[in-house]
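Reader: I am new to this structure and would like to learn how to read a few of its features. Please take them one at a time.

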Amino acid sequence: MKSFEEVLIAVGILTFTAVFITSLFPAHEGFAPPQCSDCLFKVNWGRLVQREDGAVLYHGLREVAKYGWAFLHGEPLSVGDEVVCDVMYVYVIGGMAYVTCGGDRP
C-alpha cells in the first residue's frame with residue numbers, strides 16, 4: 001500500500017506534466033473574426049463604430065477588426081455612428097463592412 005506522501009508526489013508530478021504539455025499548445029481567447037476582404041460572419045453582442053479612418057468592430061471592449069467603411073441597411077454610417085446588436089451579421093465585401101442585426105442580406 002502506498003503512503004500518503006507517495007500519492008501526493010505522484011499527483012504533483014502528473015499536475016506539473018499536464019500544465020507543461022498544455023503550455024506547449026497556443027490557446028486563443030475570445031472572438032476573432034476572419035481576416036478577409038470578402039466574407040460573411042456572425043458576432044454575438046457586437047458593436048461597430050464608424051471613425052474618420054474607417055469602421056472598427058468591437059466584441060465586448062476588445063477591438064477585433066477594422067474595415068474601410070461601414071454600411072447599415074445599404075446606407076453608409078456617418079462618423080461617430082454606432083451599431084449595437086445582440087446578434088450582428090457582418091458581410092465584408094471589398095474591405096467594406098455591411099452590417100445587419102436581423103440576419104437578412106443588406
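Reader: Which residues does leucine 57 touch, not counting residues up to four places away in sequence?

Author: Bear in mind that this is a predicted model. Leucine 57 touches Phe41, Val43, Arg47, Leu48, Arg62, Glu63, Val64, Ala65, Tyr67 and Met88.

Reader: Which residues touch the most other members in the largest nonpolar core?

Author: That core has 18 residues, and those touching the most other members are Phe41, Leu48, Leu57, Tyr67, Val83, Met88 and Val90. At least two residues of the core come from each of S1, S2, S3, S6 and S7. With five residues, S6 gives the most.

Reader: Next, the disulfides. How many are there by the rule, and which cysteines does a disulfide join?

Author: In general, a disulfide is a covalent bond between the sulfur atoms of two cysteines. Here the count is one disulfide. Cysteine 85 is joined to cysteine 101, with an S to S distance of 1.7 Å. Cysteine 85 belongs to strand S6 (residues 82-93) and cysteine 101 to the segment after strand S7 (96-100), so the bond ties together parts that are 16 residues apart in sequence.

Reader: Is cysteine 85 buried or exposed?

Author: Buried means under 20% relative accessible area. Cysteine 85 has 4% relative accessibility, so it counts as buried.

Reader: How many salt bridges does the rule give?

Author: The count is two salt bridges. In one of them, the side chains of glutamate 82 and arginine 47 meet at 3.6 Å, N to O. Glutamate 82 is in strand S6 and arginine 47 in strand S1 (residues 38-51), so this pair ties together parts that are 35 residues apart in sequence. Glutamate 82, at 45% relative accessibility, counts as partly exposed. Arginine 47 is also partly exposed, with a relative accessible area of 23%.

Reader: Where do aspartate 53 and lysine 66 lie in the chain?

Author: Their side chains meet in a salt bridge at 3.9 Å, N to O. Aspartate 53 is in the loop between S1 and strand S2 (54-59), while lysine 66 is in strand S3 (residues 62-67), 13 residues apart. Aspartate 53 and lysine 66 are both exposed.

Reader: Where is confidence lowest and where is it highest in the protein chain?

Author: The average pLDDT of the protein chain is 82, and 82% of the residues score at least 70. Confidence is lowest in helix H1 (residues 4-23), with a mean of 81, and highest in strand S4 (residues 70-72), at 93.

Conventions. Residues are numbered from 1 along each chain as its sequence is written. This is a predicted model: local features need pLDDT of at least 70, side-chain atom pairs count only at pLDDT 80 or more; totals for chains, interfaces and linings use all residues. Side-chain values use heavy atoms; hydrogens and water are left out. A disulfide is a pair of cysteine sulfur atoms within 2.5 Å. Helices (H or I, at least four residues) and strands (E, at least two) are DSSP runs, numbered from the N terminus. Buried means under 20% relative accessible area, exposed over 50%, partly exposed in between (1.4 Å probe, protein chains only). A salt bridge is a side-chain nitrogen of Lys or Arg within 4 Å of a carboxyl oxygen of Asp or Glu. pLDDT is the predictor's confidence in each residue, from 0 to 100. A nonpolar core is a set of buried Ala, Val, Leu, Ile, Met, Phe, Trp, Tyr and Cys residues joined through side-chain atoms within 4.5 Å. Contact means heavy atoms within 4.5 Å.
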